Amino acid sequence: MTTVSTRPAAPSELPGLHALLASWCEAEAAPPPRALEHCVRHGLVRVAEVDGAVVGCTAAESPSSGHLRVSVVAVAPGARLRGVGARLVKDVLDEAARTPGERPTISAVIGIGDLDSARFLLACGFIGTRVFRSGGAGGAGGGPRIQYQHKLRVDYVDPDARHLVPTALPEQLADSLAPDDHAVTGLVTLADGPAFEITRFERDDPASLQSGEAAAGIAFSGSLLAAITFLLGISFTSDRFPDDVRLVLIGATFSTMLSLIVYASASGELARIRANSFGRIMKWGNVLSEYGGVLPFLISLPVIFAGVSHSRWMTMVLALVVSVSIAGYEWSEFSIAHRFRNTGPGATLMVLTALSPLFGAAAVTTGSVSWPWALLLIVTLAVRTWLYLVRRGPEGGIAKRRGQWQIRA
């Protein structure tokens, strides 16, 4: 199996890169020597090697922090169809993802008749978004060109709004891509020649989606707060509740109230602040409501049952069921922890959280002092809250395993 390695190009390799580009494209389509030298000097050119020999290169332009244009992806004739070009493009995409700040828009412009490059870009996750009618350097014969943009966000397409445009009809292609929700997503072969597949993407309304998310958070925290305060009220009227359970419930009430305030702040961000901090605010609300409200409430239930029940085995069975349920939730894709990068200490804290119902119920059932359990639970949840709010970044995308786009049924 061929092993392809990539690395940044060195200035001493400029003559070899010029020769490689000359064998790949027409003289008028190749980057000017001065432009290529500039890209090499700024680390925007990568080369691919097979058995120590340079067999491909890619060059990119970065006119600003918000844009990255792939200018060239060249592979030597004898090394094609071996994944060299795909590896070079993947390196460009990975490097852009590691750049601090917002991910830049990654695009490429090729001639409308350069079908091999079109197939390659479409296979790498690009979609055609615009047609440039005027000619210029880089186009096939100076004719119309298509801008391809790398698609990162998962969008839905309308299965009833797709059509084919022959590549021989550039004016029709330009008209088809005029609406900003249409894009080239494929290249097919018809009986009379190749054709572009044009797809209409559904456009989401971010304000409506964020408003719905904030409303759902407020409704959830409000319901959770009502349940916790109801249980806390009962605990103050009964002498069978351990004081440490009351303390846990008081902390859960306080944290859930804070999450409710944070969700309300998210609504204010939508309504008038508009500082593009909705995601950060929602992260605070999500973490506070789960680790300060939901988990303390659920963990305290078996401990409360242990204090009022006369059946030891039933108490421990209930605690075991709650522990297993919490563990299954913690390791599922629905938990807040799943949205953040987990390390060894994070996994240890997840295990301690899942075992807390068993520890608490066992302490009460055996007549042991239960304060160590309450202290361990409070510290564990406080450290997890700090870990996700301070040490970790924003909530990660949980749709990475999905395809480039989906058809909504």
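Visitor: Which helix holds aspartate 116?

Guide: That's α4, which runs over residues 115-123. Bear in mind that we're looking at a predicted model.

Visitor: And why is aspartate 116 called exposed?

Guide: The cut-off for exposed is over 50% relative accessible area. Aspartate 116 comes in at 61%, so it counts as exposed.

Visitor: How far is aspartate 116 from leucine 187, in sequence and in space?

Guide: They're 71 residues apart along the chain, while their C-alpha atoms sit 9.8 Å from each other.

Visitor: Let's move to α10. How do you know what length to expect for this helix?

Guide: Take 1.5 Å times one less than the number of residues. α10 covers 344-365, that is 22 residues, and the expected value is 32 Å. From first C-alpha to last, the helix reaches 32 Å, so it is close to expectation.

Visitor: Where is the kink in α10?

Guide: At leucine 355, shortly before proline 357, with a bend of about 45°. That angle is taken between axes fitted to the seven residues ending at a position and the seven starting there.

Visitor: Which residues of α10 are buried, and what covers them?

Guide: Buried means under 20% relative accessible area. Among those in α10 are Gly346, Leu349, Met350, Ser356 and Pro357. Their cover includes α8 (278-308), α9 (312-330) and α11 (371-391). Following α10 you'll find glycine 367, with a positive phi near 80°.

Visitor: What does the UniProt record say about this part of the chain?

Guide: The unreviewed entry lists 344-364 as a "transmembrane region", along with others including 247-266 and 287-307. In the model, 247-266 is 100% helix and 0% strand, with its end C-alpha atoms 29 Å apart.

Visitor: What makes a group of residues a nonpolar core?

Guide: The members must be buried residues of the nonpolar kinds, joined through side-chain atoms within 4.5 Å. The largest one here has 30 residues, and Val245, Val287, Tyr291 and Trp373 have the most contacts inside it. At least two residues come from each of α6 (206-237), α7 (243-273), α8, α9, α10 and α11. The top contributor is α8, with 8 residues.

Visitor: Which residues does valine 287 touch, leaving aside its neighbours within four places in sequence?

Guide: Gly292, Ile336, Phe340, Thr385, Tyr388 and Leu389 are in contact with valine 287.

Conventions
Residues numbered from 1 in each chain as written. Predicted model: local features only at pLDDT ≥ 70, side-chain atom pairs only at ≥ 80, totals over all residues. Heavy atoms only, no water. UniProt positions renumbered as here; feature names shortened; annotations may be inferred. Helix = DSSP H or I, 4+ residues; strand = E, 2+ residues; numbered from the N terminus. Buried < 20%, exposed > 50% of the residue type's maximum accessible area, 1.4 Å probe, protein only. Contact = heavy atoms within 4.5 Å.
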